[in-house]
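I want to go from the whole chain down to single residues and jot down what I find.

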Amino acid sequence: MAGTVLVTGGTGYIGGEVIERLLAKGHSVHTTVRNLAKSEPRLRARWPRAGERLSVFQADLMSDDGWAEANVGCDAVAHVASPFPLSVPKNKNDLIVPAREGTLRALKFAHAAGIARFVQTSSAAAIAYGHPEKNHFDHHDWTNLDADVPPYIESKTVAERAARDWVAAHAPDMAFCSINPVAVFGPVYNDDMSTSVELVKKIIDGSIPLIPDMGICVTDVRDVAEAHVRAIEAPAEKVRGERFPTSEKFMWIREMADVVRARVPEHAGKVPRRPMPDWLVRVLALFMDEMKQIKGELGNVRDVSGKHTEEALGFTFIPAEQTLEDTVRSLVEKGIVKA
Ligand code: NAP
């Protein structure tokens with residue numbers, strides 16, 4: 001039955017797709033943004049026919065203002081908002097504090113409003129890091145915070161742990177679950193896209209001249225949104241306490257480049273072919289933030305399985321090749337990349 005769902009972070013890549021799916025399935029949506037004056041007109045322009053089925057509220061993860069109002073009349077929360085920057089911040093607490101406190105704030109206000117269904121957008125970052133001996137992961141695994149992991153990874157792990165601890169202590173009957181996506185790609189709505197899509201943009205716009213020996217798992221933003229909506233609509237006992245990784249498959253960057261060349265050759269003129277030697281990554285990492293992150297991933301297989309999610313939520317993920325093709329086509333179509 002259609003209801004009203006609060007989606008936090010409606011301006012974001014994933015938040016926008018979750019709203020899109022909820023509206024398409026007949027739900028009404030409340031969403032939070034940080035700057036109402038700037039963001040509400042953009043959201044209304046994206047869903048011009050939503051009318052009263054879309055309500056926009058101003059609420060920051062770091063303040064109580066606006067959260068009570070945003071929750072009024074809602075049946076479920078999809079808590080998507082969290083800082084996801086391209087570069088590593090100087091102070092890791094710039095990520096960790098809003099991720100943890102924002103999640104707890106969203107949970108507390110939802111519980112106070114009597115909302116019994118809460119879906120947290122966590123990440124494979126909370127599953128697959130800090131275990132150098134392991135290459136294959138699933139929903140049972142947790143990132144090891146005793147290892148030295150980057151601040152974003154820590155922020156997502158801390159936020160998911162904090163949410164689960166809070167629910168266990170204060171709202172054990174709540175149908176709480178997390179969606180744990182790997183790197184998210186797929187069609188973009190505008191140039192305000194996520195850090196993950198930047199990677200495909202860089203592959204096709206020539207800003208990566210050589211390919212580092214690195215790989216990532218791929219998931220499609222449409223599947224990530226579908227998982228959120230199914231987790232909201234499923235019977236409570238099917239989702240309570242669950243973790244739902246979304247991941248189609250692991251691919252090396254060189255394989256991603258091959259897919260782009262094969263499936264969208266007309267936009268592949270600048271796609272790199274030659275490998276970047278590991279020594280060069282290490283040298284560049286001395287002064288480039290992005291290279292610092294790549295350095296730690298050289299030669300690593302970090303394969304997260306999404307099988308459990310497909311089985312439990314009853315749908316099949318879009319093949320990664322299709323996702324990559326659709327990402328490239330939409331980046332070109334929206335004029336974001338002139339390939
Ligand atoms: P995004 O496009 O950058 O969206 C992030 C959203 O969070 C934006 O709506 C942003 O609002 C909001 N936000 C950030 N800091 C906030 C704060 N202090 N107060 C209120 N809102 C705040 O990123 P995304 O890819 O859609 O990511 C959404 C969620 O998915 C995040 O939780 C991220 O960790 C998770 N995730 C993403 C990926 C991926 O590959 N993209 C993979 C796994 C998990 P503004 O517009 O105001 O900045």
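My notes on the chain, its sheets, its helices and its cores follow.

**Entry 1: the whole chain**

First a reminder to myself that this is a predicted model. I looked up the secondary structure and got 13 helices and 12 strands in the chain. Next I checked the radius of gyration: 19 Å, close to the 20 Å that the globule rule gives for 339 residues, so the chain is as compact as a globular protein of that length. Along its principal axes the C-alpha trace spans about 55 × 45 × 40 Å. I also asked how much is covered, and 55% of the 339 residues count as buried. For contacts between residues at least 6 apart in sequence, I noted that 77% join residues at least 24 apart.

**Entry 2: the parallel sheet**

In what order do the 7 strands of the open sheet come? I read off E3-E2-E1-E4-E5-E7-E10, with parallel pairing. The edges are strand E3 (54-58) and strand E10 (243-246), each of which pairs on one side only. Ignoring direction, neighbouring strands here are turned by 20 degrees against each other on average.

Strand E7 (residues 175-181) pairs with E10 in the parallel sense over 4 bridges, and asparagine 180 stands opposite proline 245 in E10.

Then I looked for helices lying on this sheet. Helix H1 (residues 13-24) lies across strand E1 (4-8), strand E2 (28-33), E3 and strand E4 (76-79), and runs at about 170 degrees to E1. Helix H5 (residues 151-170) lies across strand E5 (117-121), E7 and E10, and runs at about 170 degrees to E7.

**Entry 3: the mixed sheet**

Another open sheet has 3 strands in the order E8-E9-E11, and its pairing is mixed. Strand E8 (183-185) and strand E11 (249-252) are the edges, each with a single partner strand, so one side of each has no neighbour in the sheet. The twist averages 50 degrees from one strand to the next.

Where does the mix come from? E8 and E9 run parallel, joined by 3 bridges, while E9 (residues 215-220) and E11 run antiparallel, joined by 4 bridges. For landmarks I wrote down valine 184 opposite threonine 219 in E9, and isoleucine 216 opposite methionine 251 in E11. I also checked how covered E9 is: 6 of its 6 residues are buried.

Helix H6 (residues 195-205) lies across E8 and E9 and runs at about 65 degrees to E8. Helix H7 (residues 221-233) packs on the sheet, touching E8 and E9, and its direction makes about 60 degrees with that of E9.

I gave H7 a length check. At 1.5 Å a residue its 13 residues should span 18 Å, and its end C-alpha atoms are 18 Å apart, so the two agree. Is H7 mostly covered or mostly open? Covered: 11 of its 13 residues are buried. Among them are Arg222, Asp223, Glu226 and His228, along with Val224 and Ile232.

In helix H9 (residues 253-263) I found Ile253, Met256, Ala257, Val259, Val260 and Arg261 buried. Their cover includes E8, H6, E9, E11 and helix H13 (320-333).

**Entry 4: the cores**

Which members of the largest nonpolar core touch the most other members? Of its 72 residues, they are Val7, Leu22, Leu54, Phe244, Met256 and Leu331. H7 supplies the largest share of this core, 7 residues. A second, separate core has 22 residues, including Leu6, Leu107, Ile115 and Trp166. As background, nonpolar side chains in soluble globular proteins tend to be buried together.

I followed up on valine 7. Leaving out residues up to four places away in sequence, the partners of valine 7 include Val18, Ile19, Leu22, Val29, Ala78 and Val80.

Glutamate 310 sits in helix H12 (residues 307-313). Beyond residues up to four places away in sequence, glutamate 310 touches Phe315, Thr316 and Phe317.

Definitions and conventions: Residues are numbered from 1 along each chain as its sequence is written. This is a predicted model: local features need pLDDT of at least 70, side-chain atom pairs count only at pLDDT 80 or more; totals for chains, interfaces and linings use all residues. Side-chain values use heavy atoms; hydrogens and water are left out. Two strands pair if DSSP finds at least two bridges between them. Helices (H or I, at least four residues) and strands (E, at least two) are DSSP runs, numbered from the N terminus. Axes are lines fitted to C-alpha atoms, for helices over the stretch in contact, and angles run from 0 to 180 degrees between N-to-C directions. Contact means heavy atoms within 4.5 Å. The expected span of a helix is 1.5 Å times one less than its number of residues. Buried means under 20% relative accessible area, exposed over 50%, partly exposed in between (1.4 Å probe, protein chains only). A nonpolar core is a set of buried Ala, Val, Leu, Ile, Met, Phe, Trp, Tyr and Cys residues joined through side-chain atoms within 4.5 Å. The radius of gyration is taken over C-alpha atoms; the globule rule is 2.2 Å times the number of residues to the power 0.38.
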